[in-house]
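Student: Please take me through this model one feature at a time. I would like the general idea before each case.

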Amino acid sequence: MFADLAGKRVLITGSTAGIGLAIAKLFVTMGAKVAINGRSANAAAESALSELAAVGSKYDIVFLPADLTKTDECEKLVNAFVEKFGGMDVLINNAGGLGGRSSLENIDDDFYDHVMDLNARSALMVTRFSIPFLRESAKASGKTTSVISTGSIAAREGGGLGAGIYAASKAWLHNVHRNWVKEYTKDNIRFNIVSPGTIDTVFHADKSDELKDKIAGSIAFGRFGESAELAPSYAFFASHACSGYITGQILDVNGGQMCP
Ligand code: NAD
């Protein structure tokens, strides 16, 4: 059923490592044309490109640098993607991160702006600039095109200590997707969220082993998830054949985690 992903033009933001890179690998394996993205060209981007070239055609893979906390770079990224591949079929808004921790009494404008820009503005603006191309592709193919954003269990549970703005930024994303469904279903564009639980990436680098064990104990499977275990859910939402009538949904992929 995933066969319709072959040849699809897929932009994956924040994909030089972790969950984004695992998604890129799966899509490249399925024959999609994939752009990965990170803030800037660096060793991580080079290494991600070589990992992807090992599983697919290097002509269908590109790295596009852009700092997505900035609106003008969101626009540049979408334009560079369309210039390379001639259009867009799937957008995956994965760029994001904790952006630091702060208790409520210490939050200042800079902290708030940084966390919201990283998780909310980035997805908002990349989606905004992508809409005309997703609409055009859906019209030309007669099938749906797809926007998938990475949410978080934190959006439902409030996040860990000091991570309230991060959690709220993901809740913002979970919510705004439902608004976009109302506006763009007429154009055959679908919007879904993959909401990870606790996944073993550098995201958790600031945690002690003791805290990691405690978190693992709150997960029914008793362990963190792997990025590769998340990737197929993105393929499901990207494929018109698999999910052409599914939009506005949030899929929890968390190993039975109830509250981190
Ligand atoms: P990660 O740090 O490995 O990946 C983050 C990616 O985003 C990297 O490729 C990085 O280069 C990119 N990025 C960061 N800032 C950027 C910017 N300003 N512009 C462009 N790209 C930028 O961490 P991850 O765990 O793979 O996180 C990926 C997504 O999953 C994030 O949105 C994160 O909030 C979300 N998430 C992660 C977990 C988890 O437990 N790991 C849980 C829930 C949600």
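**Reading the features**

Tutor: Serine 243 lies in helix H9 (residues 240–243). Helices (H or I, at least four residues) and strands (E, at least two) are DSSP runs, numbered from the N terminus. This is a predicted model, in which local features need pLDDT of at least 70, side-chain atom pairs count only at pLDDT 80 or more, and totals for chains, interfaces and linings use all residues. Residues are numbered from 1 along each chain as its sequence is written, and side-chain values use heavy atoms, with hydrogens and water left out.

Student: Is serine 243 buried or exposed?

Tutor: Buried means under 20% relative accessible area, exposed over 50%, and partly exposed in between (1.4 Å probe, protein chains only). Serine 243 has a relative accessible area of 1%, so it is buried.

Student: Which residues is serine 243 in contact with, leaving aside neighbours within four places in sequence?

Tutor: Contact means heavy atoms within 4.5 Å. On that basis serine 243 is in contact with Arg190, Phe236, Phe237 and Ala238.

Student: How is the length of helix H6 checked?

Tutor: The expected span of a helix is 1.5 Å times one less than its number of residues. Helix H6 (residues 164–184) has 21 residues and should therefore span 30 Å; its end C-alpha atoms are 30 Å apart, which agrees.

Student: Which residues of H6 are buried?

Tutor: An α-helix has 3.6 residues a turn, so residues three or four places apart point the same way. In H6 the buried residues include Tyr166, Lys170, Leu173, His177, Trp180 and Tyr184. Among the elements that cover the buried residues are helix H4 (109–141), strand S5 (145–150) and strand S6 (189–196).

Student: Where is asparagine 188, and what is its phi?

Tutor: Most residues other than glycine have a negative phi. Asparagine 188, in the loop between H6 and S6, has a phi near 65 degrees, a positive value. It is partly exposed, with a relative accessible area of 35%.

Student: How many residues has the largest nonpolar core?

Tutor: A nonpolar core is a set of buried Ala, Val, Leu, Ile, Met, Phe, Trp, Tyr and Cys residues joined through side-chain atoms within 4.5 Å. The largest here has 31 residues, and Leu11, Phe81 and Phe191 have the most contacts inside it. Strand S3 (61–65), helix H3 (71–85), H4, H6 and S6 each supply at least two residues of this core. Apart from it lies another core, of 29 residues, including Leu5 and Ile148.
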